[in-house]
Amino acid sequence: MRHIVLAGTVLLAACSQEAPKEAAKAAPPATLVPGTYEVTATVKSLVSTDKSPLPTFAKVGDVIKTQGCVGADGLPAPELLAAKGDSCQVQNPYIRSGRMNLTLDCNRKGQGQIMTMVDGKYDAEGFTGTVNASSSFPGSGDYKLVQDVVARKVADQCTAAPAAGGAPKA
């Protein structure tokens, strides 16, 4: 009888233990991995902030693909996240431990300034996040744009120029 109770206790203990946990996810690299990335951006929202017609060809639901580099410093080139033709500078980058937050200060020739904020996550394969862009033009046409972005690393080396040329002007 004692053996039956002991065997039952062992079986009960074995059943109550948790199943082996999934293999722990690899820790993200310290910063974005250098190379060429392909970005797919989906327009989630586009609204006029000054009640004027939108000066853009983009519309909600549009999917925009582009390619560009992440440099040896771990910073994405502006053309990965900005509209085609805009001249941009990366400001206040925070790209560490799987989190990515940065601002692009962009100038659109003949129109004015666009501030773009990127908030996302990254791992060794790429990054995902949300892009919020707001214009402040001297005349009419101000807008606010929200995009979801998914980027994947497609090559270890950087190409000289973006293959798709950046997102269309919004």
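Start by selecting strand S3, residues 87-96, and find Asn92 within that strand. The model on screen is predicted. Asn92 is not a glycine, yet its phi is positive, at about 50 degrees. Most residues other than glycine have a negative phi, and most peptide bonds are trans. Buried or exposed, how does Asn92 sit? Its relative accessible area is 61%, so Asn92 counts as exposed.

Next, move to Ser97, in the loop between S3 and strand S4 (99-108). Ser97 also has a positive phi of about 50 degrees without being a glycine. With a relative accessible area of 59%, Ser97 is exposed.

Now select strand S4 and pick Thr103. Thr103 has a relative accessibility of 15%, and because buried means under 20%, this residue counts as buried. Which residues does Thr103 touch, not counting those up to four places away in sequence? They are Gln89, Val90, Gln91, Met115, Thr116 and Met117.

Then select Leu102. Leaving aside neighbours within four places in sequence, Leu102 is in contact with Asn92, the residue that opened this tour, and with Pro76, Leu81, Val90, Gln91, Pro93, Ile95, Thr116, Met117 and Val118.

Leu102 leads on to the core. The largest nonpolar core has 29 residues, and Leu102 is among those with the most contacts inside it, together with Leu32, Leu81, Met100 and Phe127. Which elements give two or more residues to this core? Colour strand S1 (35-48), strand S2 (63-70), S3, S4, strand S5 (112-123), strand S6 (126-136) and strand S7 (143-155) to see them. S1 gives the most, with 5 residues. In soluble globular proteins, nonpolar side chains tend to be buried together.

Finish by colouring the chain by pLDDT. The average over the protein chain is 84, and 78% of the residues score at least 70. Select residues 5-12, where the pLDDT is below 50. Beyond near neighbours in sequence, this stretch has 0 contacts in the model. Then go to residues 162-169, where pLDDT also stays under 50. How many contacts beyond four places in sequence does the model have for residues 162-169? There are 27. Where pLDDT is low, the predicted coordinates should not be read in detail.

Terms used:
Residues are numbered from 1 along each chain as its sequence is written. This is a predicted model: local features need pLDDT of at least 70, side-chain atom pairs count only at pLDDT 80 or more; totals for chains, interfaces and linings use all residues. Side-chain values use heavy atoms; hydrogens and water are left out. pLDDT is the predictor's confidence in each residue, from 0 to 100. Contact means heavy atoms within 4.5 Å. Helices (H or I, at least four residues) and strands (E, at least two) are DSSP runs, numbered from the N terminus. Buried means under 20% relative accessible area, exposed over 50%, partly exposed in between (1.4 Å probe, protein chains only). A nonpolar core is a set of buried Ala, Val, Leu, Ile, Met, Phe, Trp, Tyr and Cys residues joined through side-chain atoms within 4.5 Å.
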